[in-house]
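Take a look at the sequence and the structure below. The paragraphs that follow go through some of its parts one after another.

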Amino acid sequence: MLHFRVSTILKESFEATLKRPFPIFNQRSWLPTRRRRCCCFSTVSCDARLVSSRLNVLHAAPLRTAPCAAPVRLYCVKTEGAPVEPDDHVKKDGSGSEENEKRRNAGILPSLEDLLFYTVAEGQEKIPAHKFLTALKATGLRTGDPRLKECMDTLKETLKKTTDGVTLDRHLFKKCVQSNIVLLTQAFRKKFVIPDFQSFTSHIDELYENAKKLTGGQVADYIPQLAKFSPDLWAVSLCTVDGQRHTVGDTKVPFCLQSCVKPLKYAVAVNDHSTQYVHSFIGKEPSGLRFNKLFLNEDDKPHNPMVNAGAIVCTSLLKQGVSNAEKFDYVMNFLKKMAGNEYVGFSNATFQSERESGDRNFAIGYYLKEKKCFPEGTDMTSVLDLYFQLCSIEVTCESASVMAATLANGGICPITGERVLTPEAVRNTLSLMHSCGMYDFSGQFAFHVGLPAKSGVAGGILLVVPNVMGIVCWSPPLDKLGNSVRGIQFCTDLVELFNFHNYDNLRHFAKKHDPRREGGDQRQHTFGPMDYESLQQELALKAPLWKKVSPTESNQDSSTTVVYRMDKVGE
């Protein structure tokens, strides 16, 4: 166990400060001045992620003062184990919450809805609805996000009843946002996985434009229906594990998943059965051969589920004992849940084209049947039909990015909150995508990009940044190995700019931008400009975690920026 300590003098000073209520601020302001930034919420019950140890209020946009009916007395809330003793107004029997509610109703303690209003209003008494929606979009959330449905519905109905149909006062605004205040507060306080989303997406747009200039590659023509796509189509879409969305290019054009469906149906098979059962039929090793080779491993099994032979066997494991129609619907429902009920369709023309030109896959099927690779009683031709149907499932870049984000989020769809896949299924799927997902380019991709991915001959690349986001690139022109030329370039450039490679975060490694941190590349724990009293409050909450204070001061805008280091004392 690690032990951390703070000097006796500082500790006593911190504890004394905590037991003392904050001073009364100017009557016309519900916030302290810039020099007194450590504003605390009242003892209101809310998510620990909403009230960070830093105790500063919503800071996505500059906060402005608002009139208040009475002098404000702010109190410190207990956060994540911080030893804050209740003040006189907090009753031990729990009646303090009633007192706080009366104070909030009297305008003394601002609610989260109030804080959000003043953040967006910037000193105005009313908010134009479009201003709120624009600010919301800047955080990465969409108005069509299923989690915000109640808020958006209430907003639409409320605007119909206003005199101008455009603006909202504080009371109406609070009515609209109260149903989703937790999510909205997280968004506006930059508590999502990508805090500075606008800056991040501007980099994504630059990478998109760089890849757009490439003109090499050939559109796949061995499936006639795929050859009809224009080589100029190019799209990138991303969805973070918090549901932040960004798209650029031809992201609403439907295209078939083709081989990108292989990891998804493998995940469904493991989800329904078990790792041991699935891999009693399929191996886990890269083949080192073309994806459509008639070749098995030394145990007469397909090498992995990402090559055609393995994917055909994997198809035979889905919902055994029912008709193909039921199997297809079952997989489609899974994919729709993974996509947060966004577009997932089916191209019958591509299915027919696949079946008519599928001699190689029929040869693989008969070879697998000869080697007894299927479960007993399997109808091989029926399995191939389902295999062609699943390859012909249509998505857009936008809907597929939510599927990738569901994998990045451990099997839980970010925009619905529904668990779709087990953690075991997700872990196994990402492992095989990392080692086998990019055809004969898998080793190179793992080396240079270092992220799980799966490509398809329609031009799609499904890229997963675990615990961060899912990204889908789509451009039909392919290189000689069957991967999208622009997609490969985008993924390579992405990891050169951001520290998303699996091994970029090793200690002492060269710095790259880290979009998961506010400020991009700051690795040290840095607090913004604050005065000494605010600093005491900040450190008091962290007293159990800090060994010593090692200030590094510099004059910035007549204020002090202080950097602190947390050191181990012993084991």
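Does F295 count as buried, exposed or partly exposed? F295 counts as partly exposed because its relative accessibility is 45%; buried means under 20% relative accessible area, exposed over 50%, and partly exposed in between, with a 1.4 Å probe and protein chains only. This is a predicted model, in which local features need pLDDT of at least 70 and side-chain atom pairs count only at pLDDT 80 or more, while totals for chains, interfaces and linings use all residues. Residues are numbered from 1 along each chain as its sequence is written, and side-chain values use heavy atoms, with hydrogens and water left out.

F295 lies in the loop between α10 (275–278) and α11 (308–316). Helices (H or I, at least four residues) and strands (E, at least two) are DSSP runs, numbered from the N terminus. Leaving aside residues up to four places away in sequence, F295 touches L289, H303 and Y367; contact means heavy atoms within 4.5 Å. From C-alpha to C-alpha, F295 is 8.5 Å from I364, although 69 residues separate F295 and I364 in sequence.

Helix α9 (residues 262–272) is largely enclosed by the rest of the structure, because 10 of its 11 residues are buried. Among the buried residues of α9 are K262, P263, Y266 and N271.

Next comes a pair of helices. Helix α4 (residues 129–138) packs against helix α5 (residues 149–161) at an angle of about 165°, and their axes are 12 Å apart. Axes are lines fitted to C-alpha atoms, for helices over the stretch in contact, and angles run from 0 to 180 degrees between N-to-C directions. The two helices, α4 and α5, are therefore roughly antiparallel, a term for angles over 145 degrees. On the α4 side, A129, F132, L133 and L136 meet M152, L155 and L159 of α5.

Five strands form an open sheet in the order β5-β4-β11-β10-β9, with antiparallel pairing; two strands pair if DSSP finds at least two bridges between them. Strands β5 and β9 (453–455) are at the edges with a single partner strand each, so one side of each has no neighbour in the sheet. Within this sheet, five bridges join β4 (residues 235–240) to β5 (residues 245–249). A235 is opposite G249 in β5, and V236 is opposite V248. Four residues lie between β4 and β5 in their hairpin, and G243 in the turn has a positive phi of about 85°.

Notes:
Parallel < 35°, antiparallel > 145°, perpendicular 65-115°, else oblique.
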